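Colleague: Could we go through the charged side chains together? I'd like to take it slowly.

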Amino acid sequence: MKLIDRNAMVKALVKSLLTLVLICAVGVAPCSAQSHAAALGSYLPIAGLERFIGPIIPACGIGSTFRSEVSAGMGVGDVRGAKLTGSSIGEISLRRSLLDEAPLRLEVLTNLRLWRFGFRAAYTNFETRAKHVNLGRVDFTGLTLGGDVDVVQFPWLSAGACVDFYLYDPSFQGPIFNPDNSTETLQIVGRKPSTIGAYLRYIPPEILGYPLHLEAWYKAPLGGSKFTAYGAALVFRPQIYRFDVAAKLALEREHLKFSAEPRTQFPVLLFPDQKWEIDMEWNLFTVDVAIYF
């Protein structure tokens, strides 16, 4: 008798798990999803938790207030700081002597959202060059993969944690002048950075009948080269047939610091066992156009 009861309990548990998977994976009729959610709510204390973090089981299956998107944009930077530091010769200001040109940044991004989770990939072209051709540059270009999770998710508010992995090495290349008037190219390559951070998205009441939302984010170094970024954006979302097209205006500050042994051989008397560090800081104003789907 006990064996029969145990088998019945196992079957009931498997049936409940399958029901939960179907609820989360398929968006069927709202009334059907709501009835399943109500049945599950009788076993799990999720009703009280949803008041603080938003719906755990969406009424129509997996969904997100802030949908998946594909975007492309351009940013104009302002170099706030640029320093090259040698372990024995001290600090050299690159902003005054070398890198004094506002850089441009181009980016293409795709962000796939699934329930509370987001998975994104971005390709960024970002070089800070000197005014004179081939005199020097800081390169921070490549592919980034990241993800985020909405810890709090309401129709008007989303907040959570994010992580990003930059699959490329930041680098610096510039000339070094020797006492005999000869020059050598100094190349410093850092390690691939990674960051962890938090974000916030807020939809206020429509202003003058125009749909928009606000975003803010902060990213701190997690590993590799030290990279920090924080900023805010205002997103306009006019609606067209089938898709929503958004225009995003953002202001961001980025700070990148990396150090390495140089990839060149210097005269032993002038640069014995030299180790270099690059410290860069930018203010970036970006304009992106995104398609939500």
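Colleague: To start with, is Lys192 buried, exposed or partly exposed?

Modeller: Keeping in mind that this is a predicted model, Lys192 has a relative accessibility of 44%, so it counts as partly exposed.

Colleague: And which residue does Lys192 form a salt bridge with?

Modeller: Its partner is Asp169, and the closest N and O atoms of the two are 3.4 Å apart. Asp169, with 34% relative accessibility, counts as partly exposed.

Colleague: Why can such side chains pair at all?

Modeller: Side chains that carry opposite charges can pair when their charged atoms come close.

Colleague: Okay, new topic: how many salt bridges does the structure hold?

Modeller: There are 17 salt bridges in the structure.

Colleague: What about Glu215, which residue in strand E13 does it pair with?

Modeller: Glu215 forms a salt bridge with Lys248, where the closest N and O atoms are 3.5 Å apart. The pair links distant parts of the chain, since Glu215 belongs to strand E11 and Lys248 to strand E13, 33 residues apart.

Colleague: Are those two buried or exposed?

Modeller: Glu215 and Lys248 are both buried. Glu215 also forms a salt bridge with Arg201, at 4.0 Å between the closest N and O atoms, and Arg201 is buried as well.

Colleague: Which residues does the network of shared partners join?

Modeller: Salt bridges with shared partners join Arg113, Arg120, Asp148, Asp150, Asp164, Arg201, Glu215, Lys219 and Lys248 into one network.

Note on methods. Residues are numbered from 1 along each chain as its sequence is written. This is a predicted model: local features need pLDDT of at least 70, side-chain atom pairs count only at pLDDT 80 or more; totals for chains, interfaces and linings use all residues. Side-chain values use heavy atoms; hydrogens and water are left out. A salt bridge is a side-chain nitrogen of Lys or Arg within 4 Å of a carboxyl oxygen of Asp or Glu. Buried means under 20% relative accessible area, exposed over 50%, partly exposed in between (1.4 Å probe, protein chains only). Helices (H or I, at least four residues) and strands (E, at least two) are DSSP runs, numbered from the N terminus.
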